[in-house]
Number of protein chains: 2
Amino acid sequence: MPGVEGGTLYPEAALRRFTVALFEKVGVPPADAARTADNLIEANLRGVDTHGITRVLVAYIRRIQYGLMKPRTEIEVVRERPSTALIDGHNGVGQVIATRAMELAMEKAKRCGSAFVGVLHSNHFGTCAYYTMMAAERDMIGFCITNGPPAMAPWGGREKRLSTSPISFAVPAGEERAFVLDMATTVVARGRVVLYEKQGLPIPEGWAVDEEGRPTTDAAAALRGLLAPVGGYKGYGLSLAVDLLSGVLTGANFGGHFDGTLFDYDRPPADVGSLFAAIDVDAFMDVPAFKKRVDQALREIKHGERAPGVERIYIPGEIEAESAERRRREGIPIPEEVVRDFVELGHELGVPFPG
Amino acid sequence: MPGVEGGTLYPEAALRRFTVALFEKVGVPPADAARTADNLIEANLRGVDTHGITRVLVAYIRRIQYGLMKPRTEIEVVRERPSTALIDGHNGVGQVIATRAMELAMEKAKRCGSAFVGVLHSNHFGTCAYYTMMAAERDMIGFCITNGPPAMAPWGGREKRLSTSPISFAVPAGEERAFVLDMATTVVARGRVVLYEKQGLPIPEGWAVDEEGRPTTDAAAALRGLLAPVGGYKGYGLSLAVDLLSGVLTGANFGGHFDGTLFDYDRPPADVGSLFAAIDVDAFMDVPAFKKRVDQALREIKHGERAPGVERIYIPGEIEAESAERRRREGIPIPEEVVRDFVELGHELGVPFPG
């Protein structure tokens, strides 16, 4: 799980207020600031610190300050059919664009049964799971993919051509927690390597190769090199499918055309492309019957016989949901070096960091 | 690639005639026999012998003879919305049901922009790619997933609870070949282990574990044991997503509830569940512009710098398309022991095996 355990624990509410205030200071309207903060804090609560304020908050603020991302998001539906839409995000805040895209997919799915909504001229939008869970909460199945700056080579290649290409599905359950899959098509997410590098730790073998294509355990070398696709050519294939559907189909940037990462502030806007889908469960089966079946399917897996040495079988999303319960109670850990960044940024913008 | 190279080469047309004739002999109407044969022979041409006549033809015929699969397929749309449908296949021939499901998804996508069609009470239907390629040929993006008899444990478990859960995407291109991904969420497809076992060959490490959960290179032990998920918990997560969407959502069989495999003739009908989707490219972008972008994306990957020792970078589906060109010309290899099965079956039904 791409989380950090070190650092001081801060109450969720305090970090949320700090985050909202920073976004408002750089011109993000209050409702959009609240939405964006909710997405980031939710990632931290779920233990996905790579997509929480820990890693991306400073970058988001800087990108707005440097004019690389517009604080006021203007969304335009540029092409539309009953069960599809293409949204131009006009380089607004990724979370605001993605939320609107999933909402539109759900509205259309309520009317038609299912829908796909694509997005271009968007930005980094946090975790995909945040949006697919919106669907699951409304008795729909959610699907979300996105591209981004390349971090992976094609199978057999040595140049960065594909992003980590995350894929998320969420399926509502009854008494059980929703099934929430959110996976990069690399062995690990790039942000996880960044966290290792920030903490000066070596990465496990198999995660990445260096600039020459040689396997490495040096996090800094891995960041200059390439992430390995999960399952070799299969992860490569999935990643390319994600790029064709979220980048090429939407008219957004794709492949190796992204110039710089989230953390490069001297490049053009990212022009991220994404694709969202919602399937109304009721279009296939009465919702109570479906939820009963999902509960049964998940329980049969959870309570099955375990391999030697395994204490528990997890359903995708369970570890994250339990992390959220714990961190909501105990607080969110922020590593010392990140606290320093936050204190400095808060000082600069007149928003004191809590504690 | 799950193909065989050993055996005698037979012309495609002769094998196709033989296959059609066998299906007709056991009561499959001519059009359905032709469709099913086309699906199986196409798999052989593409080098995917695990899903061609090589492995499944005898089983299909036996299942019909033993009353486990109905030769006359009666399809019923049991739930419908503008961009969704649920089809009851009433235990007809998998290929006939799946073809109709993808056709319906495409009709709906033409009208609405996109559509999902689910299927229950279906059977083994060959490769998923066959159906997604139907969409790509009509300027749509195709998606197909299916469940089936379990062959994989959940991550941390040791009981069969999930099938190989194949996932296919096809994306049309312009001058380049279509992108066609069709992957099992196990390291390899079960059928590939069957082919090794049939030829008495050991399987590579990492493909499977035996009944006790220990890694094995013995194909027979692997078939009694479990296939390993691709990328560990990620493959497990994808596989469970596939089962929830294709099995649980459709009302079909799911998880560990399948009783026996395609090759067990003393069990109840399979009740396979599947999900098909089509996205009309024109709902997002003018088709010529899209195809130009796909060509560019694929070429940039194919012609990128290669890792040391790599002769060529492949796009998913390229190896299969080149195999089809070659085998259409040179013939389809059928291993000796399979030829013997075919001769015997042909003798029984009064359809002489060619050559």
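How many bridges join E6(B) to strand E7 (residues 179-183) of chain B? The number is 5, and the two strands run antiparallel.

## Basis of the model

This is a predicted model, in which local features need pLDDT of at least 70 and side-chain atom pairs count only at pLDDT 80 or more, while totals for chains, interfaces and linings use all residues. Residues are numbered from 1 along each chain as its sequence is written, chains are lettered from A and ligands numbered from 1 in the order in which they are written, and side-chain values use heavy atoms, with hydrogens and water left out.

## Strand E6 of chain B

Strand E6 covers residues 167-171 of chain B, and 5 of its 5 residues are buried (under 20% relative accessible area, 1.4 Å probe, protein chains only). Strands are DSSP runs (E) of at least two residues, and helices are runs (H or I) of at least four, numbered from the N terminus. B:Ile167, B:Phe169 and B:Val171 lie on one side of E6(B), with B:Ser168 and B:Ala170 on the other.

E6(B) also pairs with strand E5 (residues 140-146) of chain B, in the antiparallel sense over 4 bridges; pairing requires at least two DSSP bridges. B:Ile167 stands opposite B:Ile145, and B:Ala170 has B:Val180 of E7(B) as its bridge partner.

## Helix H1 of chain A

Helix H1 (residues 12-25) of chain A has 14 residues and reaches 20 Å from first to last C-alpha, close to the 20 Å expected at 1.5 Å a residue. A:Gly27, with a positive phi near 100°, follows H1(A).

Among the buried residues of H1(A) are A:Leu15, A:Phe18, A:Leu22 and A:Phe23. The partners against which the buried residues of H1(A) pack include strand E1 (8-10), helix H2 (30-45) and helix H11 (336-349) of chain A, contact being heavy atoms within 4.5 Å.

Notes
The expected span of a helix is 1.5 Å times one less than its number of residues. Buried means under 20% relative accessible area, exposed over 50%, partly exposed in between (1.4 Å probe, protein chains only).
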